[in-house]
Amino acid sequence: MASKSRKKGKAKIAFFIIILIIIIALAYAYTMGYLDPVIDMVNSHIDNSKNPNGQLSGDKDDNSDEGKDNDDTGNEIDESYDLNDYLDATPPITALNTGDLAIHFVNVGQGDCIIIQLPDGANMIIDAGSVYNSNTIKSLIMDYIDNLQITVFDYMVLTHTDGDHIYYMDDIILNYEIHNFYSPSTTTSQTETKAYQAYIDARDNETGANYYINKKGLQITGQGYSIDFYSPAQDYYSDVNNYSPIMVLDYAGRKIMFVGDAEKEAEEEFLSNYPDGIDVDVLKVGHHGSETSSTQEFLDAVKPEYAVICVNVQQALGKKWIHPNHDVLARLANMECEVYRTDLRGNVVLYITSLGQMQFVCTMEESESGLIKPVETSTVINVSSMTKWYIINNFYIPKNKYFYSIG
Ligand SMILES: [Zn+2]
């Protein structure tokens, strides 16, 4: 009996020693980062099960546009930053002379809302959304439109169904008269979103309107101007961003290109259909300056002298996506392309006269302190080798070579 219980006791001790060795081994592997692939796998599984299609889950507060595009650029959090301080419903320029054209890139934070006052008095709106569905941004857009004394949009273009482009489209349809709708062709998963359904319901209730599906070859013409659709050439894309039409507004010898959130796949499609490219004056940079877009080949083919990026880097910090991407900014800088960012300049308005004179008018001056500049490495408070993310002021920043800050 005694020997049996001693054996039992020994077995117990051996069992605990084995468990202890396993715990120590796991702790060592975790500390050394050997478990990162497993942790990443589990994390991505959790993310996927939360949002299996990578689409809006049906809640208007969700946004699927981002989250997949984890680029290499780190930025410093400005703790005192409040987007509300930079929102301004007063257009920096309103007085339009006959024959002049104004393109308003409204500062909605991370998201797109572009209002075009055409020279014949017609108005166009391309997208109305923001990364977080917000009544403040909705009111801002409405007030901005009212300040321009616009009551009718002759043309409404929805580039694609992501929240930062679609959220307030239904409100605009309900509050203003829309004559012509240009919508993306859609897949089943996109039609499941509340925001898309609200858009469709509002759109289809507008009486007397014309409906078009965004497609290569479409053209809008007016007094002295044309707007051509160079994509999409297909009815289906695996990524929702690539439904975004590549459009060029041509007026008074100037060409302005709008691309929504078109990514590399759409850019390549454009390049294969138009191998000679199109020399444009201004490019609305694709996908908020993300690394997914603005390949060197595409930029070489469109040769912009000026670029506008609808973006808010402070809203992006701490997420797995950071816009704009350092490499994209570097590509534009190397081409000596002058960049206007809505997070640094507020509302950005491009004014073109009937003689083709161009001027950018912005809500905010880009002061010396407002320029992007490298951050001292001492601001990196803690670097975690386990997570492969920098932790700065309790925000997680992808680990990389570059640090930039605003201010
Ligand atoms: Zn977007």
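Leaving aside neighbours within four places in sequence, with which residues is Ile-141 in contact? In this predicted model, the residues in contact with Ile-141 beyond that stretch of sequence are Val-106, Val-108, Cys-113, Ala-128 and Tyr-168. Ile-141 also belongs to the largest nonpolar core, which has 79 residues, and together with Val-308 it is listed as having the most contacts inside that core.

The strands considered here form an open sheet of 8 strands with mixed pairing, in which the order runs β7-β6-β5-β4-β3-β2-β15-β16. The edges are taken by β7 (210-213) and β16 (358-362), and because each of these has a single partner strand, one side of each is left without a neighbour in the sheet. From one strand to the next, the twist averages 20 degrees. At the β7 edge, the pairing with strand β6 (residues 177-183) is in the parallel sense and extends over 4 bridges, and within this pairing Tyr-212 of β7 is the bridge partner of Tyr-182.

Helix α7 (residues 194-205) comprises 12 residues, which at 1.5 Å a residue should span 16 Å, and this expectation agrees with the end C-alpha atoms, which are 16 Å apart. Ala-195, Tyr-196 and Tyr-199 are the residues of α7 that are described as buried, and because they cover an arc of only 100 degrees around the axis, they are placed on the same side of the helix. The face of α7 turned away from this buried side carries Asp-201, Asp-204 and Asn-205, which are exposed.

Technical notes. Residues numbered from 1 in each chain as written. Predicted model: local features only at pLDDT ≥ 70, side-chain atom pairs only at ≥ 80, totals over all residues. Helix = DSSP H or I, 4+ residues; strand = E, 2+ residues; numbered from the N terminus. Expected span 1.5 Å × (residues − 1). Buried ≥ 20, exposed ≤ 12 C-beta atoms within 10 Å, placed from the backbone. Arc of directions from axis to C-beta. Pairing = 2+ DSSP bridges. Axes fitted to C-alpha atoms, helices over the stretch in contact; angles between N-to-C directions. Core = buried A, V, L, I, M, F, W, Y, C linked by C-beta atoms within 7 Å. Contact = placed C-beta atoms within 7 Å.
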